[in-house]
Every structure is written in C-alpha cells, then in structure tokens.
Amino acid sequence: MIDEIIIIGTGKVAYHFAKEINNNPKLKLIQILGRSKRINSHFNEFSDIYSSNFSKLKKSKYCIIAVSDNSVKSVSINIKKFEGTVLHTSGSINMSILNTHLKFGVIYPLQTFSFDRNIDFNKIPLLVEASNNKTLNELIDFSSKLSKKTIIMNSDKRLICHLSAVFANNFTNHLIYTSEKLLKKFDIDKDLIHPLCEETILKIKSISSYDAQTGPASRNDLETIENHINFLKKNNLTFSIDIYKSITESIIKTKFDKQ
Ligand SMILES: NC(=O)c1ccc[n+]([C@@H]2O[C@H](COP(=O)([O-])OP(=O)(O)OC[C@H]3O[C@@H](n4cnc5c(N)ncnc54)[C@H](OP(=O)(O)O)[C@@H]3O)[C@@H](O)[C@H]2O)c1
C-alpha cells in the first residue's frame, strides 16, 4: 500500500524528506505546508502541492512537522482533526509534545542537512518512537522505506544522540570555520587544511578517536601551546583563545585520565 504524506515546513529537513518521499514509488507526498504565502524557491518543484492555509490540511497517513524546534508545539496545536499520525523530526524535543493527537511519534534523522547537498537517505540512521505499538510498527515500516537504518529509541536516549551530534558535527564544523578564518586573516589559502579535515574523519573509521588524537595537547607540549596562545593574544584573535584553551585542557585531561 502506498502511504500518503504531508510535510509542514520549508526548511532543510523538510526539503530532504520531500525529495526522498517524492522519489520513492512506495510513498506519495500529497501536500507541503509553509507559513509564507510564496513558496521558498528551493521548493519550486513542489509548487503544485504547496499551501500556506493550515486549515486545509489534506487527509493522509502521516503529517511530518519539520519546523524549528521552538515552533513544533504551536504548529502541532494548529493541526486540528487530523486522523493520521503526526510526527516531528527533532532530536531534542520529547515525543509527548505531540500528545494532543490521536496517534503521534518521532522520526529523527541523525544527519546534518543543507539545501545544496545531496544526501544518501538510505544510510541515515532514523531514530523512531511512537505513541503506541501499532503506530510504532507502522512507523518502522514507513521509516524502512526511507532508510536501511531504522532504530527504535525513546525521547531520553534520542536527546543524548542529539547532544552527541552537536559535539561531532556542529562543534567540529565551527572549529573548521575558525581554522579557515585564521588562514584567511593571514592571506593563506583556506583550502590548505581540507586534506587534513578529510583524514581526520576517515581515520576514525579504522582507529579509535582516542588513538587518533595528535597535536601539542596530546603530547603535553606546553611550550608550543604557550606560543599558540601568545600568538592569538598578540593578534587580537580573542574569538579563538577560549576555544583553544578549553579544548587543549580537555585533550590533556583525557590523555592523563586514561594513563
Ligand atoms: N538541519 C539539520 O541538520 C537537522 C537534522 C536533524 C533534525 N533536524 C530537526 O528538523 C527540524 C527542522 O530543522 P531544519 O534544519 O529544517 O530547520 P530550518 O532549515 O531552519 O527551517 C525551519 C523551518 O521551520 C519553519 N517554521 C518556523 N516556525 C514556524 C511556524 N510557526 N509555522 C510554520 N513554519 C515555521 C520555517 O519557516 P520560514 O521558512 O517561513 O521561516 C522553516 O521553513 C528541527 O526540529 C530540527 O531540530 C534538523
């Protein structure tokens, strides 16, 4: 049976779910709802199923709320008399936020999404939970049509995965931004560090992140560390001094605790 789906939101996650569902012969995207009258240009291919009228929600098996975390509750309350299952896609919001609905659940994709990047959805861990067993079994079936990695997980554990994702992705990306900013400030090609970034990620697939750690902090090379901090201070690069100090301390402590 083909499941019909509605998506609320016109952000990055909504876009990737929309594309994936649209390309899946076992699923049918029947409506996209957004708050703006004019559709976000990334969604142009979906203009015929777009609406900003939340009172005209179509009948469907699933309604996926993929909006900013702090709007999930208000959007959910706005959905009235929906007989299908209402899902949100957030890593950090408890499923109970949707408990005004008959059937509800969560489908959290443990991945980072941007508009201009294609992602192999099949490989994304989809963390799911639902309000009752029947809804959960149906959700697992739906999720398995999108990815090979469906994992049942409750809200408390999902929050831990989200926190872990913040360290692994959001912080790493910010550190790369900081690193590129430093190079650009001194007219050095920022792409010079890209092979290093690639190897950083590749090597943790074959050796542990603990063993993969290199650099002055892991060697407890205090003179080099002091030189770096003095350089940052002398050049007024205050934005990066606290980051440098706090991560250096953490690396030294990690090494020391394990010995
Ligand atoms: N980005 C990721 O990598 C990622 C990964 C996994 C899970 N998630 C989760 O997925 C959800 C969506 O994230 P995202 O990254 O797609 O966000 P996003 O790109 O920032 O887009 C947020 C969307 O929410 C809409 N929105 C906000 N308040 C609204 C309201 N009151 N009514 C209707 N629409 C509203 C925005 O509408 P306008 O365009 O009109 O402002 C926008 O379309 C979040 O719960 C997030 O935690 C994100």
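The chat below covers the ligand's surroundings and then the cysteines.

Q: First, what kind of model is this?
A: This is a predicted model.

Q: OK. How many residues surround the ligand, and which are the closest?
A: The ligand is surrounded by 18 residues. The closest are Val-13, Arg-35, Asp-69, Ser-71 and Phe-113.

Q: How does that shell split by class?
A: The shell around the ligand has 8 polar, 7 nonpolar and 3 charged residues.

Q: Which polar backbone atom is 2.9 Å from an oxygen atom of the ligand?
A: One belongs to Thr-10, at 2.9 Å from a ligand oxygen. Phe-113 also has a backbone N or O atom 2.9 Å from an oxygen atom of the ligand. For Val-67, a polar backbone atom is 3.2 Å from a ligand oxygen.

Q: And how much of the ligand does the protein bury?
A: The protein buries 76% of the 900 Å² that the ligand exposes when taken alone.

Q: Which elements give two or more residues to the shell?
A: Helix H1 (12-22) and strand E6 (103-109) do.

Q: New topic. How many disulfides are there?
A: A search of the whole structure finds 0.

Q: Remind me what a disulfide is?
A: A disulfide is a covalent bond between the sulfur atoms of two cysteines.

Q: What about Cys-63, buried or exposed?
A: Cys-63 counts as buried, because its relative accessibility is 0%.

Q: And why does Cys-197 count as buried?
A: Its relative accessibility is 18%. Buried means under 20%, so Cys-197 counts as buried.

Conventions: Residues numbered from 1 in each chain as written. Predicted model: local features only at pLDDT ≥ 70, side-chain atom pairs only at ≥ 80, totals over all residues. Heavy atoms only, no water. Disulfide = S-S within 2.5 Å. Buried < 20%, exposed > 50% of the residue type's maximum accessible area, 1.4 Å probe, protein only. Near = heavy atom within 4 Å. Polar contact = N/O pair within 3.5 Å; in protein donor to acceptor, adjacent residues only side chain to side chain. Areas by Shrake-Rupley, 256 points an atom, 1.4 Å probe, with all protein chains shown as cover. Helix = DSSP H or I, 4+ residues; strand = E, 2+ residues; numbered from the N terminus. Nonpolar A, V, L, I, M, F, W, Y, C, P; charged D, E, K, R; others polar.
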